[in-house]
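Here's a quick walk through one model, strand by strand and then helix by helix. Have a look at the fold before reading on.

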Amino acid sequence: MLIKFILNKKQVAVDADPMDSLSEILRTKFSIDSVNECCNTGRCGGCTVLKNNLPVPSCMIHMFTVRNANILTFEHIKTTREYSIIDKTLKTYNCIFCDYCSTGRIITIYSLLKNSDKLNNDDIYRALSGNICNCTDLKTMTIGIRLAFNALKRGR
């Protein structure tokens, strides 16, 4: 089945089985390496992408639900001004993620910061609950994310 959608701000079409996972198609048909296929149950966060501006585990998204959707991957997000601010702020606070979880966490943080007018610890905890890695403690991440949020809101 021919499925059309927007991938990283570009209209694309792919011939895929409607039941194929988005993660599989992104890796095999579009060479998107940032989408890690780890647990294939949607629990680890390694395959997170933004679907219509919301973080989703792409291993659990069937291609038939992607028709006309807007999909953003880490490959696009890392080119944005917001990513630059998030990356700089997190590194300044020594909040560095491992290769297993980094792209999924950054995508989740990016979405959280872009879609929030106010941010509290519960918002951060809820957003990060979709990633099971323990490479960085929650307190450090929360402080780093709040600093990134403040920097983004100030426009720096």
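## The sheet

Strands β1 (residues 2-7) and β5 (residues 70-72) run parallel, joined by two bridges; for strands to count as paired, DSSP has to find at least two bridges between them. Within this pair, I6 sits opposite N70 of β5. Helices (H or I, at least four residues) and strands (E, at least two) are DSSP runs, numbered from the N terminus.

Zooming out, the sheet is open, with five strands in the order β2-β1-β5-β3-β4 and mixed pairing. β2 (10-15) and β4 (54-57) are the edge strands, each pairing on one side only. From one strand to the next, the twist averages 40°.

## About the model

This is a predicted model, so local features need pLDDT of at least 70 and side-chain atom pairs count only at pLDDT 80 or more, while totals for chains, interfaces and linings use all residues. Residues are numbered from 1 along each chain as its sequence is written, and side-chain values use heavy atoms, with hydrogens and water left out.

## Helix α6

Helix α6 covers residues 138-154. Its buried residues (under 20% relative accessible area, 1.4 Å probe, protein chains only) are T140, M141, T142, G144, I145, A148, F149, A151 and L152. Among the elements covering them are α3 (81-92), α4 (102-114) and α5 (121-128).

At the N-terminal end, D137 provides the cap, with a side-chain oxygen 3.2 Å from the backbone nitrogen of K139. After α6 comes G155, with a positive phi near 80°.

Key. The expected span of a helix is 1.5 Å times one less than its number of residues. Buried means under 20% relative accessible area, exposed over 50%, partly exposed in between (1.4 Å probe, protein chains only). Contact means heavy atoms within 4.5 Å. A polar contact is a pair of N or O atoms within 3.5 Å; within protein, one must be able to donate a hydrogen and the other to accept it, and residues adjacent in sequence count only if both atoms are side-chain atoms. Axes are lines fitted to C-alpha atoms, for helices over the stretch in contact, and angles run from 0 to 180 degrees between N-to-C directions.
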